[in-house]
Amino acid sequence: MDINTYQELLKELEPYGADLIAVSKNQGIGAIMEIYQAGQRMFGENKVQELMGKQAQLPHDIAWHMIGHLQRNKVKFVAPCTTLIQGVDSQRLFDELARQAVRQERKVEILLQVHIATEESKFGFSEVELQAFFEGITLAEWGNVVIRGLMGMASNTADQAQVYREFKGLHALYERMGRDFFAGIGGFSILSMGMSGDYRIALDAGSNMVRVGSRLFGPRG
Ligand SMILES: *Cc1c(COP(=O)(O)O)cnc(C)c1O
């Protein structure tokens, strides 16, 4: 971990008003504490077990974001120790979150993950599915779940124009969903896109939250 890299990254994000999620998956407590001491308070993990272990050991003013694919049977464990569950990638997962949020009597803030990449393997709603999701759901069914915005991952390609197009498409969808479904509700204000390799493109396409791991911490072990 190099503090200069961290400071430079913050400077790059500033003009965009974008938040930095330091992706600490596979990183040890020491590395996380270094960046914590430099001022970072938002961290991202993609495995429930790992997130819970770190949350228990690290300072309690850290906001933990669950950024990876979440299995439905893990929802009840993860809800109490996360600030934001990014990557809610299906109606079934959403339904389970809504159920647990009511049962645990807590507000659960989430982002809906949209599939924008060409790769088959990436999780998420298609644009059509997302539209249908919002049209089909009533406010009461949301229960204690607060939908804060959208999240997406671009294709893993060297073609920067394609990456930009994919991010720009997600940005347009985010604007449209905000207008059509949250005009009177508010709170729909997070567009999480961009990782170490493509965060600059994501910022130019309208991201206001980037999830950066290896660029901050160095390669994962
Ligand atoms: C690992 C991961 C990141 C960070 O990736 P880097 O390339 O190390 O910056 C961001 N988002 C998600 C969903 C991830 O799983």
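The buried residues of helix H8 (residues 160-181) pack against strand E5 (108-115), helix H6 (127-136), strand E6 (145-153), strand E7 (190-193) and helix H9 (199-204). Helices (H or I, at least four residues) and strands (E, at least two) are DSSP runs, numbered from the N terminus. Buried means under 20% relative accessible area, exposed over 50% and partly exposed in between, with a 1.4 Å probe and protein chains only. Contact means heavy atoms within 4.5 Å.

This is a predicted model, in which local features need pLDDT of at least 70 and side-chain atom pairs count only at pLDDT 80 or more, while totals for chains, interfaces and linings use all residues. Residues are numbered from 1 along each chain as its sequence is written, and side-chain values use heavy atoms, with hydrogens and water left out.

The buried residues of H8 are Gln-162, Val-163, Glu-166, Phe-167, Leu-170, His-171, Leu-173, Tyr-174, Met-177 and Gly-178. An α-helix has 3.6 residues a turn, so residues three or four places apart point the same way. The end C-alpha atoms of H8 are 31 Å apart, which agrees with the 32 Å that its 22 residues should span at 1.5 Å a residue; the expected span is 1.5 Å times one less than the number of residues. At the N-terminal end, Asp-159 caps H8, with a side-chain oxygen 3.2 Å from the backbone nitrogen of Ala-161.

A nonpolar core is a set of buried Ala, Val, Leu, Ile, Met, Phe, Trp, Tyr and Cys residues joined through side-chain atoms within 4.5 Å. The largest one holds 62 residues, of which Phe-94, Ile-110, Leu-112, Phe-134, Ile-147 and Leu-150 touch the most other members. H8 gives the most to this core, with six residues. Another core, of six residues, lies apart from it and includes Ile-21, Leu-111, Met-151 and Ile-190. In soluble globular proteins, nonpolar side chains tend to be buried together.

**The parallel strands**

Two strands pair if DSSP finds at least two bridges between them.

| Strands | Sense | Bridges |
|---|---|---|
| E2 (residues 42-45) and E3 | parallel | four |
| E3 and E4 | parallel | two |
| E4 and E5 | parallel | two |
| E5 and E6 | parallel | eight |

Strand E3 (residues 63-66) is covered on both faces: Ala-63 and His-65 are buried on one side, and Trp-64 and Met-66 on the other. His-65 stands opposite Gly-44 and also opposite Leu-84 in E4. Further along, Val-88 has Leu-112 of E5 as its bridge partner, and Leu-112 in turn has Leu-150 of E6. E5 is largely enclosed by the rest of the structure, because six of its eight residues are buried.

Right-handed here means that, with the strands pointing away from the viewer, the path from the first strand over the helix to the second runs clockwise. E2, helix H3 (residues 48-57) and E3 make a right-handed β-α-β unit. E4, H5 and E5 make a right-handed β-α-β unit as well.

Gln-86 lies in strand E4 (residues 84-88) and counts as buried because its relative accessibility is 0%. Its side chain is joined to that of Ser-192 by a polar contact of 2.8 Å. A polar contact is a pair of N or O atoms within 3.5 Å; within protein, one must be able to donate a hydrogen and the other to accept it, and residues adjacent in sequence count only if both atoms are side-chain atoms. Leaving aside residues up to four places away in sequence, Gln-86 touches, among others, Ile-21, His-65, Leu-111, Met-151 and Arg-211.

Asp-19 lies in strand E1 (residues 19-23) and is partly exposed, with a relative accessible area of 35%. With residues up to four places away in sequence again left out, Asp-19 touches Leu-13, Met-42, Asn-208, Met-209 and Val-210. The C-alpha atoms of Asp-19 and Met-42 are separated by 8.6 Å, and the two residues are 23 residues apart along the chain.

**Positive phi in two loops**

Asn-26, in the loop between E1 and helix H2 (29-37), has a positive phi near 65° although it is a residue other than glycine. Asn-26 is partly exposed, with a relative accessible area of 42%. Glu-105, also not a glycine, has a positive phi of about 50°. The loop that holds Glu-105 runs between helix H5 (91-103) and E5, and Glu-105 is exposed, at a relative accessible area of 68%.
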